[in-house]
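I opened the model and kept notes as I went. The entries follow in the order I looked things up.

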Amino acid sequence: MHSRSSGLSMRKVSFAYFNGFALQAINLMIAPGEIVGLLGPNGCGKTTLLKLASGVLSPAEGEVLLDEVKLKKLSRRQVAQRIAVVPQSYHLPFAFKVTEVVLLGRTPFVSGLSGETKKDRDVTADALQLVGIDGLGKRHFNDLSGGEQQKVILAMALAQEPEVLLLDEPTAHLDINHQVEILELVRSLNRNHGVTVIAAMHDLNLASLFFDRLILLKEGTIFADGSPREVLTERNIKDVFLASVRVSPHPVTSAPHIVVLPKETQGS
Amino acid sequence: MLTLTLVGAMLLACAVGAVSIPPLDIVKMTLNRLPLFDFQPTWQLTDETIIFQIRLIRVVAGVLIGAALATAGVLFQGLLRNPMADPYIIGTSAGAALGATLAMMVPLGLAFAGFGLVPVGAFCGALLTVLLVYNLARVGGKTPVVSMLLAGFVVSAMLASVMSFLIIVSDILQLKLHSVFSFIMGSISVQEWSQIAVIAPLILGGIVVARFFAFHLNAFALGEEGAAYLGISVEREKILILALGSLLTACAVSLSGLIGFVGLVVPHAVRLALGPDHRLLLPASALAGAAFLVIADTLARTLLAPTEIPVGIFTALIGAPFFIFLLRRSRREYAF
């Protein structure tokens, strides 16, 4: 994989759906090579923020910039050559093989006239290897477990050779082993290849362990932005999630570690 | 393999009929038309007339129609991500049927390039209906697949009842009930090479253009949002693929009426055999659809000769059991 990296920023970005839910005046600077986790309760705007960042939604006001270039000035194809997105899951209506799915990551580079080139096939093979699923190439995507499918989707995103990788709760449906595997992979891509990573996360403890910077959203605005230690405080979590927790240092890494407090223990 | 099957089916279809003609003679006759060959005729001149003026026209029409319907089926199934989709799903069939019935009500014998009013009516009816359905389903600059399927269903139902109403109240249609029925069941009714000359470039061109969408159709399997993440301008591409599929369908129905099942079953059968990759699926389905329709049409015109059965009856009669066989054999590999 190449190692060019890009930054992403938002200037006074606002967006509203028909049903009234909105993001308000988001200002955000993410430098090339950063790895950032987006946190917040359901419906706080994490997914919308990622969709604005990938350009499939356009802001009502303000602008999204990819390395100082306005995203809306780029074509869909140009954006996809630089930004890749990993959603929670994909459902395929037909029985595609794993290699065929990963090759789809080359879509923004392939021309309809000439079809894929040797380079496209090489990049696909590399992506499979990087994610550690070269053994699954001939299997059908739909026959794989959720964890394996998520690795295939990650490999497809890598086949795009992205400068920015956006992930929307990539570990939402996975068991604990696969959650850690996927996040380890994402972090090593960031460390070794300089890919800028922005991921919406549900699990606060995993976010604390794997991300250098966390952004906490509340009702469409940025509530806190900083290192895990700055963001994951008992007070912030109470204010945003309305949950009572204790935060203590992780026994091994000393990153903030969160445990919930059941109601009957809260008097003490 | 598929190409060989197709050529074999075409030869066989030319050979059988009220007068049977040896396939070898047919090959020689055809090659004689090229400047390089000069075989001594071992056949009668009438045989040559039967082949070139009657049977070959019909076989070539069958090839074009089958290829067009199968390709359109692949396009619609891939774009709509719906295994139940066929070339008629967004209203082309109802539109074509109404267009054809309206044309039958006109008591004039207009014709150009071998086309009477009925094929023209069917062609226009199909395309106008798709246009209507597409615009009905459009909300806020987008045309979601679900609204398009619903709009297609509703518009089809409406046009079908208009057609039934016309059949009941119109004396002309009462007299032409047999033609109406043949159109709805689908039967190849091409009589002149000039018709082929008009439609063949459209269908062949459409099949070639469809192949350029193969890679993007694979990406559409991820859903429209997934396709957008991969750099596809979804709404623009959707219009192009819909227009292409509808054009192919309209060409086919103008030659034959509503032949069902080819556009549904052939893509599935090919997918089960060769996989869902559209780069292979598109050309293979075109060949398989062509061979399938030629075989079905040969059966339709010879089995109860001299009575001709609408070929649409046969495509369903052969297609359904074959499809069930395929499904049961490879159920595990297939994602329904």
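This is a predicted model: local features need pLDDT of at least 70, side-chain atom pairs count only at pLDDT 80 or more; totals for chains, interfaces and linings use all residues.

**Entry 1, the chain contact.** I began between the chains: 26 residues of chain B are in contact with 25 residues of chain A. I count a contact when C-beta atoms, placed from the backbone, lie within 7 Å. On the side of chain B that touches chain A, α10 (214-220) and α11 (224-229) of chain B are the elements that give two or more residues. I sorted that side by class and got 14 nonpolar, six polar and six charged residues. Here Ala, Val, Leu, Ile, Met, Phe, Trp, Tyr, Cys and Pro count as nonpolar, Asp, Glu, Lys and Arg as charged, and the others, Gly among them, as polar.

Residues are numbered from 1 along each chain as its sequence is written, and chains are lettered from A and ligands numbered from 1 in the order in which they are written. Helices (H or I, at least four residues) and strands (E, at least two) are DSSP runs, numbered from the N terminus.

Chain A divides into domain 1 (1-82 + 162-243) and domain 2 (91-161). The bounds come from an automatic or database domain assignment. Their centres, taken over C-alpha atoms, are 24 Å apart. Each domain of chain A puts 14 residues into the contact. On the domain 1 side, α2 (76-80) and α6 (176-193) of chain A each supply at least two residues. α6(A) gives the most, with three residues. By class, this domain 1 side has eight nonpolar, four polar and two charged residues.

**Entry 4, a sheet in chain A.** I traced an open, antiparallel sheet of four strands, in the order β2-β1-β4-β5 (chain A). Which strands stand at the edges? They are β2 (22-30) and β5 (69-70) of chain A, each with a single partner strand, so one side of each has no neighbour in the sheet. Pairing requires at least two DSSP bridges between two strands. β1 (residues 8-16) of chain A is joined to β2(A) by six bridges. A:V13 has A:I26 as its bridge partner in β2(A).

After α8(B) comes B:G186, with a positive phi near 90°.

How values were computed. Two residues are in contact if their C-beta atoms, placed from the backbone, lie within 7 Å.
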